[in-house]
Amino acid sequence: MPDIFTPFRKKVESSSQPRKPLTVGELKKGVSGIRSDAIPSLEELGLEKRQIDQRSVLQFKGGETAALDRLTEYIWTKKLIATYKETRNGLIGGDYSSKFSPWLMNGCLSPRTVYAEIKKFENSIQSNDSTYWLVFELLWRDFFKFLSIKVGNSLFFPGGPRAVEKVWSTDVRRFNLWRDGKTGHPFVDANMRELEQSGWMSNRGRQNVASFLTKDMGIDWRLGAEWFESELIDYDVSSNWGNWTYSAGVGSDPRENRYFNIQKQSRDYDPQGEFCRLWLPELRNIPGPAVHAPWLLSTADLERFQVQLGIDYPIAFKSLFHRENQHTPGRKGRSHGKRSQGMRYPAKGKF
């Protein structure tokens, strides 16, 4: 099992073939002699029923029926798979990516079924870079599954699978700015509020907020991984923790110290600021790309847009990455410690 994705992908693509989905026979409607009681409601279980935020990318529903409906809609009805590679970095709405992950994670949808439908589409409609790219993403999912088995508990250690020696901060106040979407950096804050309100965040958003927490804020990456674990509707142990080790520079990423420039990313992927204004209503009056850097606006413009920095919207957190002018690579060494026990952040929401 290679430690890096590309050798893994090449090996899999050249020497293996996914098995066909199993066919399911007719299911009996019931079994005699067994009592069936009503499924208790969330309220009966002592849990609060949360309303679905209308800004959510999809109104996710559980179960195989909903999963297969989404599969049919995405591949066959709308044929969105034909443009997946071009749209996959979107931020708003249900069509920019497949959104299969919540159903895959819960076992409502089999990756073999997804693969089989993609192949049917390629053979009957169109085969292009986009159809391949969705299979490519399924391979990433498999890669992290196998890698987590290989590296074991080191996936949860501060130094990750590579045993990188680095001093991480566990500053609660600083972490809470990130968690609550109050860093003062609109692209980060919008993504974090989308996560808290809807349980979803785009892949582009996940990479950016993870980079910001670990590189710009210097916070222990495991705190971020745990927050994602508690909030994501598509949380998967291997994919979540594996991706966080990548972002933190302690995983098997061939590019050490991968860094995302938030200002560049926000202007590349939210050029007119629509996503930021969607999730940050306090900035809704700031037009166009100016919303990405409210600290650059004049006092007169801020008054005109009804934004008072430090009151209506936070003062921007000053990046440690830029303050130090460089990020010193960690040295390989022995990593001690378990998953971040004893460094939990303050309770909020569902905790």
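A crossing is left-handed if the near helix is turned anticlockwise from the far one by less than a right angle, and right-handed if clockwise. Helices (H or I, at least four residues) and strands (E, at least two) are DSSP runs, numbered from the N terminus. This is a predicted model: local features need pLDDT of at least 70, side-chain atom pairs count only at pLDDT 80 or more, and totals for chains, interfaces and linings use all residues. Residues are numbered from 1 along each chain as its sequence is written, and side-chain values use heavy atoms, with hydrogens and water left out.

**Whole chain**

Show everything as a cartoon. The chain has 15 helices and two strands. Of its 351 residues, 47% count as buried (under 20% relative accessible area; exposed is over 50%, partly exposed in between; 1.4 Å probe, protein chains only). Contact means heavy atoms within 4.5 Å. Among contacts in the chain with a separation of 6 or more, 74% are between residues 24 or more positions apart.

**H5 and H6**

Select residues 111-124 for H5 and residues 129-151 for helix H6. Their axes come within 10 Å and cross at roughly 165°. That makes H5 roughly antiparallel to H6. Axes are lines fitted to C-alpha atoms, for helices over the stretch in contact, and angles run from 0 to 180 degrees between N-to-C directions. Angles under 35 degrees count as roughly parallel, over 145 as roughly antiparallel, 65 to 115 as roughly perpendicular and the rest as oblique. H5 passes H6 in a left-handed crossing. Show side chains at the contact: H5 supplies Pro 111, Val 114, Tyr 115, Ile 118, Phe 121 and Glu 122, while H6 supplies Thr 131, Tyr 132, Leu 134, Val 135, Leu 138 and Arg 141.

**Glu 122**

Stay in H5 and pick Glu 122. Is Glu 122 buried or exposed? Glu 122 counts as buried because its relative accessibility is 15%. Its side chain makes a polar contact of 3.0 Å with the side chain of Lys 119. A polar contact is a pair of N or O atoms within 3.5 Å; within protein, one must be able to donate a hydrogen and the other to accept it, and residues adjacent in sequence count only if both atoms are side-chain atoms. Leaving aside neighbours within four places in sequence, Glu 122 contacts Ser 127, Thr 131 and Tyr 132.

**Lys 85**

Next, select Lys 85 in helix H3 (residues 84-87). Lys 85 is partly exposed, at 28% relative accessible area. Beyond four places in sequence, Lys 85 is in contact with Asp 129, Ser 130 and Trp 133.

**H8 and H9**

Move to helix H8 (residues 186-198) and helix H9 (residues 203-216). They pack at an angle of about 115°, with axes 10 Å apart. This crossing is left-handed. On H8, highlight Phe 187, Val 188, Asn 191 and Met 192; on H9, Gly 205, Asn 208, Val 209 and Phe 212.

**Gln 263**

Gln 263 sits in helix H12 (residues 262-269) and is partly exposed at 21%. What does the side chain of Gln 263 reach at 2.8 Å? The backbone oxygen of His 292.
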